[in-house]
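User: I would like to learn how to read salt bridges and helix contacts in a model. Can you take me through an example?

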Amino acid sequence: MTQGEGRGRTPQPRGRPSAVAQYTAQVTQWLREDPDLSGVEILRRVWLAGYRGGKSALYELVKRLRVGRPVNQTLPAEVTVAVKSSLGPGPVPGVTRR
């Protein structure tokens, strides 16, 4: 039996505490209010709130918080038709692209 084993102690966390962890609740709220909020906008907001950690750590947090959100949402038929019609008739037969 090692020291501390069997005495009900919980292991102490190793390393530096996460700088981004304290912003989890705020980022969660922002994403709840606007699920399409960009990572860059979230980064801007947390920097204004005092965050001094790295971009990668924040983007990883945002990625974890977005899990479960539908990635590919189907567009309404009207939007799809409007986009297709705005693109023109398509390739012209006999004309090659350079």
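Analyst: We start with the salt bridges and then turn to a helix pair. Keep in mind that this is a predicted model.

User: How many salt bridges does the structure hold?

Analyst: First the general idea. Side chains of opposite charge can pair when their charged atoms come close. The structure holds 2 salt bridges. One joins Arg-44 to Glu-41, at 2.8 Å from N to O. The other joins Glu-41 to Arg-45, at 2.9 Å from N to O. Because they share partners, the salt bridges link Glu-41, Arg-44 and Arg-45 into one network.

User: Where do Arg-44 and Glu-41 sit along the helix?

Analyst: Both are in helix α2, residues 39-48. They are 3 residues apart, so about one helical turn separates them. Glu-41 and Arg-45 are 4 residues apart in α2, again about one turn.

User: What is the relative accessible area of Arg-44, and of Arg-45?

Analyst: Arg-44 has 42%, so it counts as partly exposed. Arg-45 has 27% and is also partly exposed.

User: Now the helix pair. At what angle do the axes of α2 and α3 cross?

Analyst: Roughly 120°, and the axes come within 10 Å. Helix α3 covers residues 55-66. The angle makes α2 oblique to α3. The crossing is right-handed.

User: Which residues meet in this contact?

Analyst: From α2 come Gly-39, Val-40, Ile-42, Leu-43, Val-46 and Trp-47. They meet Lys-55, Leu-58, Tyr-59, Val-62 and Arg-66 of α3. By type, the contact residues of α2 and α3 divide into 8 nonpolar, 1 polar and 2 charged.

Terms used. Residues numbered from 1 in each chain as written. Predicted model: local features only at pLDDT ≥ 70, side-chain atom pairs only at ≥ 80, totals over all residues. Heavy atoms only, no water. Salt bridge = Lys/Arg side-chain N within 4 Å of Asp/Glu carboxyl O. Helix = DSSP H or I, 4+ residues; strand = E, 2+ residues; numbered from the N terminus. Buried < 20%, exposed > 50% of the residue type's maximum accessible area, 1.4 Å probe, protein only. Axes fitted to C-alpha atoms, helices over the stretch in contact; angles between N-to-C directions. Parallel < 35°, antiparallel > 145°, perpendicular 65-115°, else oblique. Left-handed = near helix turned anticlockwise from the far one by under 90°. Contact = heavy atoms within 4.5 Å. Nonpolar A, V, L, I, M, F, W, Y, C, P; charged D, E, K, R; others polar.
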